[in-house]
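Here is a short note to read with the model open beside you. Take the points in order and find each residue as you go.

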Amino acid sequence: MSGSADGREVLLRAQQVEQFYDRRIRILGPLDLDVHDGEFLTLVGPSGCGKSTLLRIVAGLLEPTAGSIEIGGVPLVGVNRDAAMVFQSFALFPWMSVVENVALGLEARGMPPLERLKRAEKYIDLVGLSGYERAFPKELSRGMKQLVGLARALALEPELLCMDEPFSALDVLTARAMRDLVLDLWQSPAVKTKSILLVTHSIEEAVALSDRVVVLRANPGRIAEVVDLTGLARPRRPGSAEVSEVVDRMYGLLA
Ligand code: ADP
Ligand code: MG
């Protein structure tokens, strides 16, 4: 791993990444992006600017038309096993219980049954869903479903947690509670994962949570600016002078 400007190691490096549709229409890049070890990094930008595309490329779910992804200096080929994804749409299996949904990825990685049950229960407890292990997705609220999605991703103990607009399908209060939870878990010694890559279209959300914010512009998706917020103390009160100043500056970048 090589160093970065904030003194942290580079966990993942995207170099000259480009994505075309139909070989002719450029939707993304070329762009360079580093994810630092231990940071909360957020991609923010208007709808259609390529945030989900970039996240899928980082997770190895989509091969870029050009450019490369390196993890710890090693080029990514196929699915990124150091990353796990939380989807806006939850993507739970309706015929499986909560604990089965959370343990599924562990089974795919060859973990023995007892160990994966223990691991799944640990993360179900950490997201606050103890007692719902045997419940099925249809019995859960949207917020609880997203908690299952979060537990499932964290249970893999990935180096990098990728989240694609994870709070967008939730009501305002549930979304706020979940943002707080994600921050708590990111800072908790009980959670192995230390780096987060979040995608959102909400500037306020990006400023509330992140160490650094990558502001993207559309057509094609390009980096307008990387804003360093490591100096902005947490908890960040929405509407406070410091927070408002940064939020206004970011709206200016996108205008
Ligand atoms: P965002 O997540 O920022 O809203 P996306 O990454 O989903 O943006 O999409 C970026 C652009 O790529 C959009 O303009 C979208 O219309 C286009 N796009 C994505 N997938 C396809 C596809 N399969 N075919 C054609 N265009 C696509
Ligand atoms: Mg998207």
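**Notes on the model**

1. Start with strand β3 (residues 40-44): 5 of its 5 residues are buried, so the strand is largely enclosed by the rest of the structure. Buried means under 20% relative accessible area, with over 50% called exposed and anything in between partly exposed (1.4 Å probe, protein chains only). Strands (E, at least two residues) and helices (H or I, at least four) are DSSP runs, numbered from the N terminus.

2. Before going on, note the ground rules. This is a predicted model, in which local features need pLDDT of at least 70 and side-chain atom pairs count only at pLDDT 80 or more, while totals for chains, interfaces and linings use all residues. Residues are numbered from 1 along each chain, chains are lettered from A and ligands numbered from 1 in the order written, and side-chain values use heavy atoms, leaving out hydrogens and water.

3. Look at the two faces of β3. F40, T42 and V44 are buried on one side. L41 and L43 are buried on the other. In a regular strand the side chains alternate between the two faces of the sheet.

4. Which strands pair with β3? Strand β8 (residues 195-200) runs parallel to β3, joined by 5 bridges. Here L41 stands opposite L197. Strand β9 (residues 212-217) is also parallel to β3, with 4 bridges. L43 has V214 of β9 as its bridge partner. Pairing requires at least two DSSP bridges between the strands.

5. F40 returns in the largest nonpolar core, which has 43 residues. F40, V102, V127, L150, L161, M163 and I196 touch the most other members. Elements giving two or more residues to this core include α4 (142-155), β7 (160-164) and β8. The largest share, 8 residues, comes from α4. A nonpolar core is a set of buried Ala, Val, Leu, Ile, Met, Phe, Trp, Tyr and Cys residues joined through side-chain atoms within 4.5 Å.

6. Now find ligand 1. Around it are Y21, I27, P46, S47, G48, C49, G50, K51, S52 and T53, each with a heavy atom within 4 Å. Helix α1 (residues 51-58) gives the largest share of this shell, 3 residues.

7. Which atoms of G48 lie 2.7 Å from an oxygen atom of ligand 1? The answer is a backbone N or O atom. A backbone N or O atom of C49 lies 3.2 Å from a ligand oxygen. K51 uses its side chain: an N or O atom there is 2.9 Å from an oxygen of ligand 1.

Notes: Polar contact = N/O pair within 3.5 Å; in protein donor to acceptor, adjacent residues only side chain to side chain.
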